[in-house]
Structures are given as C-alpha cells and as structure tokens.
Amino acid sequence: MRAHIFCASCYITVLLNIFFISCKTSALADSKPSSELSEKPLAEKAFLPATSLDDLDGIWETADGNGFEYPFICDGRKYLRYYFRRTDDTWRWQRFAANHGIILSSLWQKRFACAPEVYEGRFMFPVADEQDMQYAIKIVQENSHIYGSEQYLIPERILAGNLAFFVLSEDRKKCIENGTFHTMSTKFPDIIAVDGAVYEKK
Amino acid sequence: MKKSKVVFFSACILFLIFPELLAISQEYGLVLSGGGGKGAYEVGVWKALSEYGIAHKITAISGTSVGGLNAALFACMSVEEAEEVWKNTVPKQLTIPSGSIRESFISQQGLQKIISSVPLKKLQINAWPQVTVTAVPNEFFNFLKRITSIAPGSSAKRFVLNNEKYVSEIQKELLATAAFPVVCAPVVLKDGKKYSDGGDEKVGGDNTPIDPIVLHNPDIHTIIIVYLNDSQRLTRRIRQIDYPSVKLIEIIPSIDLGSLLEGTVNFTSARINLLIQRGYEDTLIVLKNEGLYPVSSYWFSSGSVSSGTSSSQNTAGTMPPADSEWYNATSW
C-alpha cells in the first residue's frame, strides 16, 4: 500500500514539474522582444558556421544591446569580448553608499573592492581560470552616472576551437549562435546558444 | 542589470561553485614589514597583486620603515612608477659615498629626496587606501627597554597619512618610520617628540604592523602580510589564532634576503632587481595556491562598457580628479 502511495505521489510530482516547466518555457517565449521573434525566419535562410577567426572580426550586437567584439586586444593578448547590455546602476551605488554611511565619491575610490557587494553577487570578480578566460561586471562612470555590464573575455585560442558556435549569414552581416561553446574550463561551464538572438555587425 | 541577468542565466553561463570565489567582502588589507634594502621584495609582491586584481581591492596598507615608504609609494603611484623609483632613484640616492659614516649606510638626505618625489597629495585627496605608518618615540629610557623584555608594538605610535593636513607632515612621518636606529637622525613630528624607525621591536616597535588594519577596518576580512625575512630568520610571525576575524595570507621570502650589510643597507641595482623578481615569483605561488589567476587591466580601466575601442589602456586604479564634475556632483 505504501509503495502505491509513493508511486502515485512521484507521478503527481512529475506531472506538476512538467506543467510548471511548460508554463515557464511559454512565459520565457512570450517575454522575448518582438524584434527577436521577427528575426526567426533568418535561421532558415542560408546561414553557415564561421570558418576562420577573421569571419568574426568587428563588433556584433543584438537589438537588445548584448554583443561581442573580436579582436579585443588587452595587455598584448587577443580575446573575444562578450558583453551584456549595460545598465544604469547609479541607484545601486547610491544605496550602498547610504547604507554604509559614506559619500559616493569615496565609495568610488574603492569600487573594485565593493562592487560584488553592490551587485549583491555571490562571487568575487574579476575572476579568471587557468586558460585566461575571464568574467566581471565592467563598471564605468559617465556624466555622474555609474553603468555596469557583465562581460567575458574569451582567449583567442578557445575561440578558435569553437568557430562552429557562430553561424553567419551569406552577406556576413548577421550572426546567430548554434550548439554549445566548449570552454574547456574548470571554472566556467560550457555556453549554450541562446535561441533567437541575432547579432548584427556594427 | 536585472534584464541582463535574465540573459545571463538563460545563456547557461554559470560559475561552478568554487569556495575561493565566494564573495563575502572583497576588501583586502596589506601589511608591509620593515627591512631597509630588502623592501625591494615588496615591489615584486605589489606587481603580482596588481596582475591578479588584488591590489585594486586593497583598502588599507600598514607599513613600518621601508614598508611604510612602500605603502605610500603603492598608494600614490602605479606599479611601473614604483618599480622605476626602486630600480633607478633608490640606488642613486641611498648609496652616496660621503665623508659621514651615517650617510654611507643609508643617506637620510637621499631618503628625503625620494620621499619628496612621491605625489603624496593623493593621500589627502583619497580616503582609500588608508595608509598607516609606525614609528617609535625616541625616548631617553629606550636603552632600558632594550634590556627588559618589552612587548612588540607596546611603544609603537601609528600615523594615518590620509588624515594629515599638510604634505610636509606626511613627509616627516615617512622619514621618521624609516629613521634607522644609529645611522639615521630621529625626526621631530608635530607633537614635538622625536621619532625613529618603528621596526625596532626591542624598544616596543612593531615591524609587522597588522593591528592598525584589524582595529580600524571592520570591512576587511583578508589581510596579506609581507615579511622580509625567510622562515629561518623570522623572529616574530603573526599568528592566525590571534586574529580569528580575518583571513591571513602570508608572503614569506623563499630565500634568505640577507642580514644587515648584505640585505638591510644594500641598495645596489643588481640586488634590487633580484629582490623584485623574487617577491613577484613568491607571490605568484601564494596566489595560485589560493586558486586565483591573473586578470586583465581592462576591468580596472575607465574605458567604455559596451563598445568602442578595441584595445584597453592600463589606467588601473586611476581616480577622477578632485575638481572634476563627477567628484563634485556625487559628493552628497
């Protein structure tokens, strides 16, 4: 009898999970910007995987402001810089300064130490792995505002092994992601392609 | 940031859980020991800390003697500039052949010239990193302290350089912390008392001054301690058990940096280059053991966040000038 009850409860749990997952998926699909939805037919057109690093040359950006840049040269090394849309985070910094009883200009002086707390993150940043793959929230101030953008620096060597992840249009002006980007990292898991994200060359 | 977070998670770019990456507080403290010419080792340490992004998170530096001088140097100059001072200015200014026996060991005049070349005004403009130096009052009864067992630090006087109103006073305090006993004249500070090198622990000095950081910086949970004696010569080592509220990371020279003549009063270029390299390499080992890797200077530059330049210039740690629109507009 107990076994039957157990089986029945498992079955109900599975059904509930399927229900919630399907709800979540449809909610995510609904929340996608209309610009991304209208781009869907692009995938059916002649898109081909990048075959060389040169194919990725330049700055590529989605309508949402997410994008990547190659080559991004820093400290003499070449990277693919993968960035998410920047946001005005002045309020976060103001709130943190107020909570800690310091003025914003003083907080700015130790911004690199306080940033993870300001962003309520669970991890310290910038962070790198043994292959020089890096992640941080890039912080800048412009005209009395503080902006933040999550970014990755992916070394050229890792990028070269993942060219197939970038699928380009015939005219090489549009790019979509495909499959999995293998980071080969002990700190960063592989990157799964975002369905429907279309990057346009700037 | 909220929206990008959604994209961030949907892209499945999630960190694997690594304990060393968990953020509690990222404020670091740095303790720089005294040791004369051996202080070049600390430049190598600073260089490594900069490459790993730690130097940018140091909000308090406490130093004694050459450690105090380096503390001011690191707070006011870039790594490259600090290295330049040690490699070129220090050998020229501190090894002056002169008639005076005092000056032939460590030239106090040369030291003054080096100190006046540091843009110390930055300490007054910036609240962080907070720089503290340690000196000991030059009292008549100091000889008695030598023959009694006085506790290290019991006579130590701390000076927070950021709090000083005049640059000239900061210069004097730096000169005082590095006024090596016997070979350098004590320095009179604003309280009218004479002060000498704070590293003389036999008269109650504190050569590895961790207390100013622990006592006055509750937000700091990790302190990096740099010693200038290898484990064989180390006479006093800070114990983790005495500071349970903070994590201590020790950087101990892997080689003997030398005694008085070959180490403390040795300011030759060859020696300085060797020590910088050793400090750098020893620190890399420690940081790797902490599970850390070097990070790009890009994260600390003031460049654009989303697009624009395809290369990053190293403007690490640069602060907006005090008179800029930003500085004034946000001082509420």
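The points below start with conventions and then go through chain B and chain A.

1. This is a predicted model, in which local features need pLDDT of at least 70 and side-chain atom pairs count only at pLDDT 80 or more, while totals for chains, interfaces and linings use all residues. Residues are numbered from 1 along each chain as its sequence is written, and chains are lettered from A and ligands numbered from 1 in the order in which they are written.

2. Chain B has 13 helices and 9 strands (DSSP runs numbered from the N terminus: H or I of at least four residues for helices, E of at least two for strands). Of the 332 residues in chain B, 45% are buried (20 or more other C-beta atoms within 10 Å of the residue's own, with C-beta atoms placed from the backbone). Among contacts in chain B with a separation of 6 or more, 75% are between residues 24 or more positions apart (a contact being two C-beta atoms, placed from the backbone, within 7 Å).

3. Helix 2 (residues 40-51) and helix 12 (residues 269-289) of chain B pack with their axes 6 Å apart, at an angle of about 40° (axes are lines fitted to C-alpha atoms over the stretch in contact, and angles run from 0 to 180 degrees between N-to-C directions). Helix 2 of chain B is therefore oblique to helix 12 of chain B (under 35 degrees is roughly parallel, over 145 roughly antiparallel, 65 to 115 roughly perpendicular, and the rest oblique). Their crossing is right-handed (the near helix is turned clockwise from the far one by less than a right angle).

4. Residues of helix 2 of chain B in this contact include B:Tyr41, B:Val45 and B:Leu49, and those of helix 12 of chain B include B:Ile272, B:Tyr280 and B:Leu287. By class, the contact of helix 2 with helix 12 of chain B has 12 nonpolar, 4 polar and 3 charged residues (Ala, Val, Leu, Ile, Met, Phe, Trp, Tyr, Cys and Pro are nonpolar, Asp, Glu, Lys and Arg charged, and the others, Gly among them, polar).

5. Helix 4 (residues 79-94) and helix 6 (residues 108-116) of chain B cross at roughly 150°, and their axes come within 8 Å. This crossing, too, is right-handed. B:Val85 and B:Leu94 are among the residues of helix 4 of chain B that meet helix 6 of chain B, where B:Leu111 and B:Ile114 are among the partners. The contact of helix 4 with helix 6 of chain B has 5 nonpolar, 3 polar and 1 charged residues.

6. In chain A, strand 13 (residues 198-201) runs antiparallel to strand 2 (residues 58-61), joined by 2 bridges (pairing needs at least two DSSP bridges). A:Glu61 has A:Glu200 as its bridge partner in strand 13 of chain A. Strand 10 (residues 174-177) of chain A also pairs with strand 13 of chain A, in the antiparallel sense over 3 bridges, and A:Cys175 is bridged to A:Tyr199.

Definitions and conventions. Buried ≥ 20, exposed ≤ 12 C-beta atoms within 10 Å, placed from the backbone.
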